[in-house]
Structure formats: C-alpha cells, structure tokens
Amino acid sequence: MSPSDDAYMREALALAQHAWDAGEVPVGAVVVMDGVVVGRGFNQPISSNDPTTHAEIVALRDAARHLKNYRLVDCELYVTLEPCMMCVGAMLHARLKRVVFGACDPKTGVCGSVINLPAEEKLNHHAKFEGGVLSEECGAMLKAFFQSRRKVLPP
C-alpha cells in the first residue's frame with residue numbers, strides 16, 4: 001500500500017458521503033490511471049431504480065466514457081466497500097490491473113469475505129485485489145448510516 005492509496009480512498013469516501021446525502025448506502029469509488037482520477041461513482045440504485053448502479057459500476061462507466069474505451073487495462077479502482085459478485089465481474093471484464101477496497105463486507109463481499117472470486121483460476125483475467133485501506137473509516141461510515149436508518153424506521 002502506498003500513501004496515494006489513502007488519498008484515493010479518501011476521494012472515494014467523499015463520494016460515499018454523496019450517496020449518504022442522497023439516501024443511498026454510502027459507498028464511493030474512483031478509477032485512477034497514471035495518477036489521475038478518470039472515473040467517479042457512488043451508489044445510486046434507489047434513486048435510479050437500477051440495481052446495477054453500484055458505486056463501482058458507475059465509476060467504471062464514467063472512466064470508460066472518459067477514456068473512450070471499455071477496456072481499462074492500465075487503471076486501478078478504489079472503493080470503500082468490498083465488491084460484490086456483479087461488480088467484480090464488471091471489473092474483470094474491464095481488465096483493471098488493480099482493485100483496492102476499504103471495509104470488508106461479510107454478507108455480499110466476494111474478495112475473501114463470502115467467497116474469493118478474484119482467486120478463481122479458471123477466469124480469463126486476473127487483477128490484483130487488496131483490502132483494508134482506511135477500513136476503519138469506511139466501515140464507520142457504513143455503520144453510522146445503518147444506525148441512523150434504524151432510528152428513523154418504526155419499531
């Protein structure tokens with residue numbers, strides 16, 4: 001891990017705050033190429049009525065538009081929560097070289113929590129997946145969000 005990993009994860013955390021402000025689960029993501037953020041995203045499935053608009057997918061789409069290429073070979077993706085199966089699939093199709101995530105997701109995370117999809121040898125592309133960057137901050141934001149939601153909901 002490098003100091004720039006923390007900086008990019010902080011950008012992803014700022015995007016996660018946008019999701020929270022919109023009433024979405026606070027997850028944010030950035031795609032970086034050669035030290036430049038080329039894609040940004042935050043969770044939007046509720047507001048967009050689209051189950052595929054996870055932060056990672058939104059960031060991948062933004063980067064692909066920006067770079068005018070669906071292959072993001074020289075890119076890294078930073079996301080505040082361990083990716084789900086759908087998002088890992090999209091990351092592998094995009095041919096990312098590296099994925100860095102913050103908090104682990106014991107319910108839907110497929111980078112070691114529930115299963116370890118990136119380690120599947122039969123897949124045709126492999127990227128480096130690393131977790132734990134600013135994990136306490138990422139996890140604290142999610143925990144606070146869900147605690148605030150439980151307070152609003154009737155018993």
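Asp62 is partly exposed, with a relative accessible area of 25%. This value is computed from a predicted model. The partner of Asp62 in a salt bridge is Arg65, and their closest N and O atoms are 4.0 Å apart. Arg65 is exposed, at a relative accessible area of 56%. Elsewhere, salt bridges with shared partners join Asp5, Glu76, Arg98, Lys128 and Glu130 into one network.

The count of salt bridges comes to seven. One of them pairs Arg10 with Glu137, with 2.7 Å between the closest N and O atoms. Arg10 is part of helix α1 (residues 3–21) and Glu137 is part of helix α5 (residues 135–152), so this pair ties together parts that lie 127 residues apart in sequence. A salt bridge also links Glu11 and Arg40, whose closest N and O atoms are 3.8 Å apart. Because Glu11 lies in helix α1 and Arg40 in strand β2 (residues 36–42), the parts tied together here are 29 residues apart in sequence.

The accessibility of the residues in these two pairs is listed below.

| Residue | Relative accessible area | Class |
|---|---|---|
| Arg10 | 42% | partly exposed |
| Glu137 | 36% | partly exposed |
| Glu11 | 30% | partly exposed |
| Arg40 | 42% | partly exposed |

Helix α1, which contributes Arg10 and Glu11, can also be described by its geometry. It has 19 residues and spans 28 Å from its first C-alpha to its last, close to the 27 Å expected at 1.5 Å a residue.

Which residues of α1 are buried? They are Asp5, Tyr8, Met9, Ala12, Leu13, Leu15, Ala16 and Ala19. Why do these residues lie on the same side of α1? The arc that they cover around the axis is only 170 degrees, which puts them on the same side of the helix. On the other side of α1, Pro3 and Asp21 are exposed.

Definitions and conventions
Residues are numbered from 1 along each chain as its sequence is written. This is a predicted model: local features need pLDDT of at least 70, side-chain atom pairs count only at pLDDT 80 or more; totals for chains, interfaces and linings use all residues. Side-chain values use heavy atoms; hydrogens and water are left out. A salt bridge is a side-chain nitrogen of Lys or Arg within 4 Å of a carboxyl oxygen of Asp or Glu. Helices (H or I, at least four residues) and strands (E, at least two) are DSSP runs, numbered from the N terminus. Buried means under 20% relative accessible area, exposed over 50%, partly exposed in between (1.4 Å probe, protein chains only). The expected span of a helix is 1.5 Å times one less than its number of residues. The arc is that of the directions from the helix axis to the C-beta atoms.
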